[in-house]
Amino acid sequence: MFRETKAFSGFSADDTDRAREFYADTLDLRVSQLGGPGGLLMLHLAGDRDVVVYPKADHVPAAFTVLNFPVDDVDRAVDELTARGVRFARYPGLPQDDRGIMRDNGPTIAWFTDPAGNILSVIAQE
C-alpha cells in the first residue's frame with residue numbers, strides 16, 4: 001500500500017518565523033512557508049525529500065534527534081556551522097571532544113539545536 005507513497009516526516013516549533021530564518025539563512029536550506037508568517041514550513045532536502053515544520057504554541061522539543069544531516073567531513077561541518085553562530089551540544093556521559101564531536105562510539109556525530117530546541121545533527125556519511 002505505501003511502497004510508492006512519498007512519505008515525509010515533521011516536527012513542531014514554537015515560532016516558525018524564527019525557524020524559517022534558521023533553516024534558510026543559517027543552514028542554507030530551501031524553505032517554503034505556507035499560509036504566510038507564522039505558518040507551516042516545508043524544508044526541501046536533497047534527494048527530493050521534504051520535512052514539515054509546523055507551528056505549535058505549546059511546543060516541547062523532543063528528547064531525541066529529529067533531523068540528521070549526513071556530511072562527508074563532520075569536523076568541517078562543525079567549523080562552518082560554528083562560524084555561522086551554531087552552538088554544539090554536549091551531553092553528559094557521551095565521549096565528545098571540546099567541539100561537541102563524538103567519535104569512535106558509532107558514527108562520528110555532533111548535535112545542535114534549532115531555535116525551538118529541536119535536536120539536529122551532522123553525522124558522518126557512510
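User: Leaving aside its neighbours within four places in sequence, which residues is His44 in contact with?
Analyst: This is a predicted model, in which local features need pLDDT of at least 70 and side-chain atom pairs count only at pLDDT 80 or more, while totals for chains, interfaces and linings use all residues. Residues are numbered from 1 along each chain as its sequence is written, and side-chain values use heavy atoms, with hydrogens and water left out. Contact means heavy atoms within 4.5 Å. Beyond its sequence neighbours within four places, His44 touches Arg30, Val31, Ser32, Arg49 and Asp50.

User: Is His44 buried or exposed?
Analyst: His44 belongs to strand E3; helices (H or I, at least four residues) and strands (E, at least two) are DSSP runs, numbered from the N terminus. Buried means under 20% relative accessible area, exposed over 50%, and partly exposed in between (1.4 Å probe, protein chains only). The relative accessibility of His44 is 17%, so His44 counts as buried.

User: Which side chain makes a polar contact with the side chain of His44?
Analyst: A polar contact is a pair of N or O atoms within 3.5 Å; within protein, one must be able to donate a hydrogen and the other to accept it, and residues adjacent in sequence count only if both atoms are side-chain atoms. For the side chain of His44 the distance is 3.0 Å, and the partner is the side chain of Asp50.

User: Where is Asp48, and is it buried or exposed?
Analyst: Asp48 sits in the loop between E3 and E4. Its phi is near 60°, a positive value in a residue other than glycine. Most residues other than glycine have a negative phi. With a relative accessibility of 57%, Asp48 counts as exposed.

User: Which loop holds Asp28?
Analyst: Asp28 also has a positive phi, near 60°, and is not a glycine. Its relative accessible area is 59%, so Asp28 is exposed. Its loop is the one between H1 and strand E2 (30–34).

User: How many residues of domain 2 are in contact with domain 1?
Analyst: The protein is divided into domain 1 (6–57) and domain 2 (64–125), with bounds that come from an automatic or database domain assignment. Their C-alpha centres lie 20 Å apart. On the side of domain 1, 14 residues take part in the contact; on the side of domain 2, the number is 13.

User: Within what arc do the buried residues of H2 fall?
Analyst: The buried residues of H2 are Val74, Ala77, Val78 and Leu81, and they pack against H1, E5, strand E6 (101–102), E7 and E8. The arc is that of the directions from the helix axis to the C-beta atoms. Seen down the axis of H2, these residues line one face of the helix, because they fall within an arc of 100°.

User: Which residue caps the N-terminal end of H2?
Analyst: Just after H2, Gly85 takes a positive phi of about 100°. At the N-terminal end, a side-chain oxygen lies 3.1 Å from the backbone nitrogen of Asp75, and the capping residue is Asp73.

User: Which are the edge strands of the open sheet of 4 strands?
Analyst: Two strands pair if DSSP finds at least two bridges between them. The sheet has the order E5-E8-E7-E6 with mixed pairing: E5 and E8 run parallel with 6 bridges, whereas E7 and E8 run antiparallel with 5 bridges. Each edge strand pairs on one side only, and these strands are E5 and E6.
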